Amino acid sequence: MEQLEGRVAVITGGGSGIGEGFARVCHEAGMRVVVSDIEEDQAARVANSIRELGGEAIGLRADVSDAASVGELADRAYEEFGEVNLLCSNAGVMMVAPLLETPIEDWQWTLGVNLYGAIYCANAFAPRMREQDGEGHIVFTASIAGTRPIHETPIGVYVSSKYAVVGFAETLRSELEPDGIGVSILCPGGVDTQIFTATRNRPEELGGPAELPPAAEARVAEREELVEVDPAMDPVVVARRTIEGVRANRLFIFSHPDTRPDYEQRNARVIADYDAVS
């Protein structure tokens, strides 16, 4: 989808981080923007900032773990702008804990946002995108953690959810290709976001907001110490690289080329095990 000016983008998790970067870069490209977030005040803040720059934007609350909430988001987007050309299914959360020490409620919360959020977005928007004229594109924010395990930090639940997102999105791409709708999978490395403090938005029925566990506190402290020598990537840079990938209709969009060697090592282990039975 090369032509973006005048078209409409919907972004989940748009109140901060990569989602806010998407909103700003889509505005730069001349798009009209629907910014959604579970933190409604943050969605409104981003939308207001775009309007102050002369753009068209609305900010809405949406809980991507709730199919009805995502359906309402789709309804509002189409009521306001009449079409949706770019969907950025970006909202995500993370728990920091070893797999076997993670309560089932945190599995439910993480999969509810990261995986079911992607499913609900696709179900709410893709059928309408099929019916409208012109091209469309969906970007699912996965992670480099969707292509290989992360051993440095105990985020196995997050890794599991992102592996599932990659499989879902890669399959959906083949199903939507005949309709002229592209699908891309964004797999960033370290980005300057609030992902490690996501438990602030955990719902009451799954344990409610929580303080950072010690492992997460250590990771946040480490990031703050490294920020001057090895800063996490600016979300706007990630968003610009993503838009380049959308224009080129790439399946995978990688923002951090330095993560390639780790993937190659993982892939080499897979090939070696194939070779063992050849």
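Start by selecting helix 8: among the elements covering its buried residues are helix 1 (17–28), strand 4 (86–89), strand 5, strand 6 (181–187) and strand 7 (252–254). Helices (H or I, at least four residues) and strands (E, at least two) are DSSP runs, numbered from the N terminus. Buried means under 20% relative accessible area, with exposed over 50% and partly exposed in between (1.4 Å probe, protein chains only).

Before you go on, a word on what you're looking at. This is a predicted model, where local features need pLDDT of at least 70, side-chain atom pairs count only at pLDDT 80 or more, and totals for chains, interfaces and linings use all residues. Residues are numbered from 1 along each chain as its sequence is written, and side-chain values use heavy atoms, leaving out hydrogens and water.

Now colour by pLDDT, the predictor's confidence in each residue, from 0 to 100. The protein chain has a mean of 90, and 88% of its residues reach 70 or more. Over residues 223–229 the pLDDT is below 50, and this stretch has 4 contacts in the model beyond near neighbours in sequence. A contact means heavy atoms within 4.5 Å.

Back to helix 8, residues 235–247: the buried ones include Pro235, Val238, Ile243 and Val246.

Next, select helix 5, residues 116–131. Its 16 residues reach 23 Å from first C-alpha to last, close to the 22 Å expected at 1.5 Å a residue; the expected span is 1.5 Å times one less than the number of residues. Where does helix 5 kink? Look at Phe125, shortly before the proline Pro127, for a kink of about 30 degrees. That bend is the angle between axes fitted to the seven residues ending there and the seven starting there. Phe125 is buried, and so is Ala118.

Last stop: Ser161, in helix 6. Is Ser161 buried or exposed? Buried, with a relative accessible area of 0%. Show its contacts with Thr110, Leu111 and Asn114, not counting residues up to four places away in sequence.
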